[in-house]
Amino acid sequence: MKTKLKICAAALLASVAIGATVYAANLTKKIDVLYDDIKILSNNIEFMPVDEQGSQVEPFIYEGTTYLPVRAVSEALGKNVSWDSETKTVMVTDNEDIEYSKIAIRNFFKLFSEKRYDEMKNFTSGSVAGYEFSEGVFGMKEASLDGIIYAGNKELENENKFAFICHFNMTPAEKSVYGSNEREIGFFVEVLKDRDEYKINDFYTGL
């Protein structure tokens, strides 16, 4: 099994600690902010925003408003984020690779829930293409996809691969790593972009 992926996301917000200096509109002032163990969920899946060095970027509250790291949150939603330093503008745009990868995952597990096993092979690549899906998918005999969030791994992106944390309601297969009473589980689903097609390329744990 592969090791756990970190959700890689760089925050565009300035790093702020209690009493830190904040810059806005060419003005400087000191503010007090509240860190209150704020959790971020995307499609009911919690993720930890981190910067490009892997350090946690914690959301905070200031005067009743909760501030989130724009890059971390946007990339978790499958968006591209860029910063124009001249105009001091954050630009958030759609990431087509992420969106098409999510569609491939949804289609794949929709077919699985409908027991259309032969058609599932049209959405597979590599070793996954050789699976016998009537026997189950990654230890699941039946499953419905409950949530999906992009894991934001840049190394995989360079290989035209995209990893997603997926959560399921499921029934374990006869031979499964999951307990007979387990129903809510999660694991990584990797999608490969092959020309203009997006296919399920791998499954692995690490959650």
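Select F108, F109, Y131, F133, F138, F168, F187 and F203: together they form one aromatic cluster. Rings of Phe, Tyr and Trp (its six-membered ring) pair if their centres lie within 6.5 Å; planes under 30 degrees apart count as stacked, over 60 as edge-to-face and the rest as tilted. The model is predicted, so local features need pLDDT of at least 70 and side-chain atom pairs pLDDT 80 or more, while totals for chains, interfaces and linings use all residues. Residues are numbered from 1 along each chain as its sequence is written, and side-chain values use heavy atoms, without hydrogens and water.

The structure holds 18 aromatic pairs. Strands (E, at least two residues) and helices (H or I, at least four) are DSSP runs, numbered from the N terminus. Y35 is partly exposed at 28% relative accessibility, whereas F60 is buried at 9%. Buried means under 20% relative accessible area, exposed over 50%, partly exposed in between (1.4 Å probe, protein chains only).

Next, select F112 and Y117. Their ring centres are 6.4 Å apart with planes at 55°, so the pair is tilted. Both F112 and Y117 are buried.

Now show helix α2 (residues 96–113). Its buried residues include D97, I98, S101, F108 and F112. Just after α2, K115 takes a positive phi of about 60°.

Finish at K199 in strand β12 (residues 197–204). K199 and N122 are 77 residues apart in sequence but 7.9 Å apart in space, C-alpha to C-alpha.

Conventions: The expected span of a helix is 1.5 Å times one less than its number of residues.
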